[in-house]
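Have the sequence and the 3D view open side by side, and let us walk through a few places together. Take your time at each stop and turn the view as you go.

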Amino acid sequence: QDAPGGKEPILDALARGSYDRIYIMLGVNELGWYRTEDFTQQYERVIDRVRADHPEARIAIESLLPVSAAQDKKRSYVNNERIRLFNGLLEELAEKTDCVFLDPASAVTGADGT
């Protein structure tokens, strides 16, 4: 986000506002991380920061959306198997951190998983 002095981190921009509900959908860029523990630890740090800045807000963690069959066939780290793994981690994290887990992926995933 652009700020008066240039760009600023999204968490800093979010801290300047006042919100009753905050929806977070992050993680596609992190699908290539080898250690899933690092992913959940970093995501939990985001939740902690958001909660510190907005203690009364209800926080929702959203699932990652599946990729197309063409993307899935590329065999890169951005694939539906990895997305399903990370979505499971996000659901567990939501429970651990008392956040709502929203699963928009289930609404857009076809029978073939893409």
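What follows is a short tour of selected residues. Please keep in mind that this is a predicted model.

Let us begin with Ile61, which sits in strand β4, residues 58-62. Is Ile61 buried or exposed? Its relative accessibility is 0%, and buried means under 20%, so Ile61 counts as buried. Which residues does Ile61 touch, once those up to four places away in sequence are set aside? The list runs through Ile24, Tyr43, Ile47, Leu90, Leu93, Ala94, Thr97, Cys99, Val100, Phe101 and Leu102. Pick out Leu102 from that list. Along the chain, Ile61 and Leu102 are 41 residues apart, yet their C-alpha atoms are separated by 6.1 Å.

Next, move to the loop between α3 (69-73) and α4 (80-96), where you will find Asn79. Leaving out neighbours within four places in sequence, Asn79 has contacts with Val67 and Asp72.

Arg75 is found in the loop between α3 and α4 as well. Its relative accessibility is 69%, and because exposed means over 50%, Arg75 counts as exposed. The backbone deserves a look here too: Arg75 is a residue other than glycine, and its phi is positive, near 60 degrees.

Where else can you look for a positive phi in a residue that is not a glycine? Asp98 has one, at about 60 degrees. Asp98 is placed in the loop between α4 and β5, the strand of residues 100-102. With 52% relative accessibility, Asp98 is over the 50% cut-off and therefore counts as exposed.

Finally, turn to the surface. Which residues form a nonpolar patch there? Met25, Leu65 and Val108 do, and together they have about 250 Å² of accessible area. Met25 belongs to the loop between β3 (21-24) and α2 (36-53).

Notes: Residues are numbered from 1 along each chain as its sequence is written. This is a predicted model: local features need pLDDT of at least 70, side-chain atom pairs count only at pLDDT 80 or more; totals for chains, interfaces and linings use all residues. Side-chain values use heavy atoms; hydrogens and water are left out. Helices (H or I, at least four residues) and strands (E, at least two) are DSSP runs, numbered from the N terminus. Contact means heavy atoms within 4.5 Å. Buried means under 20% relative accessible area, exposed over 50%, partly exposed in between (1.4 Å probe, protein chains only). Patches are made of residues with over 30% relative accessible area and no salt bridge: like charges are joined within 9 Å, nonpolar side chains (Val, Leu, Ile, Met, Phe, Trp, Tyr) within 5 Å. Accessible areas come from the Shrake-Rupley method with a 1.4 Å probe; for residues, only the protein chains shown count as cover. A salt bridge is a side-chain nitrogen of Lys or Arg within 4 Å of a carboxyl oxygen of Asp or Glu.
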